[in-house]
Amino acid sequence: MSEQPGPATGYPSLVSWLIDRPDVASRLRRAPPDRVLVLACREGADALALATAFPNITVYGVDSDQAAVRRATESASASPARDRLLFVHRSDPEATLGSPFDLVVAVGLMTDRSRPDRPGVNVALWRVSRLVADGGLAVLDSPVTLRVDTVSEAGFRSVELLGPSQFDDQTYLLRR
């Protein structure tokens, strides 16, 4: 695994985890482009990093914090990837953006303790699963170890540990 730290965190970046998996990296580099959704995107750092690293993807960031979405949009406007980034203030991404997505990122959705509206693990797995295309991927962190039977019940066929998140929980790659 690459040890490229994430922005000011000392943790491996989301992009380095995905690049280190050749099947995932080649998928995100192919044409036609994949649709990527970043849930709880905050100020857009992961969305911007993904769009920059993988020039064939379109990245949608969703957050319930309107000020964070505004800052993410401002950051994206200065990026060469700005035409492939869209940030929206919404709690229900399906209503705004449709689905399914080829990759759904939900890092911090369950584990960011500053967010009082964190869903439980099973609820989050089902919400994320509903957004992922057949054959698609999800990246999420969890305050508990994800078990194969739990992710299978939510519609995923496999789970792979990526490593620690910035929230001191484990981050996983799920395949649908």
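Let's start with glutamate 43, which is partly exposed, with a relative accessible area of 43%. The structure around it is a predicted model. The side chain of glutamate 43 meets that of arginine 71 in a salt bridge, with 2.7 Å from N to O. This pair ties together distant parts of the chain: glutamate 43 sits in the loop between β1 and α3, while arginine 71 belongs to helix α4, 28 residues apart. Arginine 71 is also partly exposed, at 35% relative accessibility.

Most residues other than glycine have a negative phi. Arginine 42, with a relative accessible area of 21%, is partly exposed.

Aspartate 65 caps the N-terminal end of α4, placing a side-chain oxygen 3.0 Å from the backbone nitrogen of alanine 67. The helix has twelve residues, 66-77, and at 1.5 Å a residue it should span 16 Å; its end C-alpha atoms are 17 Å apart, which agrees. Which residues of α4 are buried? They are Ala68, Val69, Ala72 and Ala76. These four cover an arc of only 100 degrees around the axis, so they lie on the same side of α4. An α-helix has 3.6 residues a turn, so residues three or four places apart point the same way. The buried residues of α4 pack against β2 (58-63) and β3 (85-89).

That brings us to the interior. In soluble globular proteins, nonpolar side chains tend to be buried together. Here, the largest nonpolar core has 29 residues, and Leu18, Leu50 and Val59 touch the most other members. Elements that give two or more residues to this core include α1 (14-19), α2 (22-29), α4, β4 (101-106) and β5 (132-142). The most comes from α1, with four residues.

Finally, back to charged side chains. How many salt bridges does a search of the whole structure find? The search finds nine. One of them joins aspartate 34 and arginine 30, at 2.8 Å from N to O. Aspartate 34 is buried, with a relative accessible area of 3%, whereas arginine 30 is partly exposed at 36%. Another joins glutamate 160 and arginine 175, at 3.6 Å from N to O. That pair also links distant parts of the chain, with glutamate 160 in strand β6 (residues 158-164) and arginine 175 in strand β7 (residues 170-175), 15 residues apart. Glutamate 160 is partly exposed, with a relative accessible area of 27%, but arginine 175 counts as buried at 14% relative accessibility. Both residues belong to a network of salt bridges that links Arg21, Asp23, Glu160 and Arg175.

Methods: Residues are numbered from 1 along each chain as its sequence is written. This is a predicted model: local features need pLDDT of at least 70, side-chain atom pairs count only at pLDDT 80 or more; totals for chains, interfaces and linings use all residues. Side-chain values use heavy atoms; hydrogens and water are left out. The expected span of a helix is 1.5 Å times one less than its number of residues. Buried means under 20% relative accessible area, exposed over 50%, partly exposed in between (1.4 Å probe, protein chains only). The arc is that of the directions from the helix axis to the C-beta atoms. Contact means heavy atoms within 4.5 Å. A polar contact is a pair of N or O atoms within 3.5 Å; within protein, one must be able to donate a hydrogen and the other to accept it, and residues adjacent in sequence count only if both atoms are side-chain atoms. A nonpolar core is a set of buried Ala, Val, Leu, Ile, Met, Phe, Trp, Tyr and Cys residues joined through side-chain atoms within 4.5 Å. A salt bridge is a side-chain nitrogen of Lys or Arg within 4 Å of a carboxyl oxygen of Asp or Glu.
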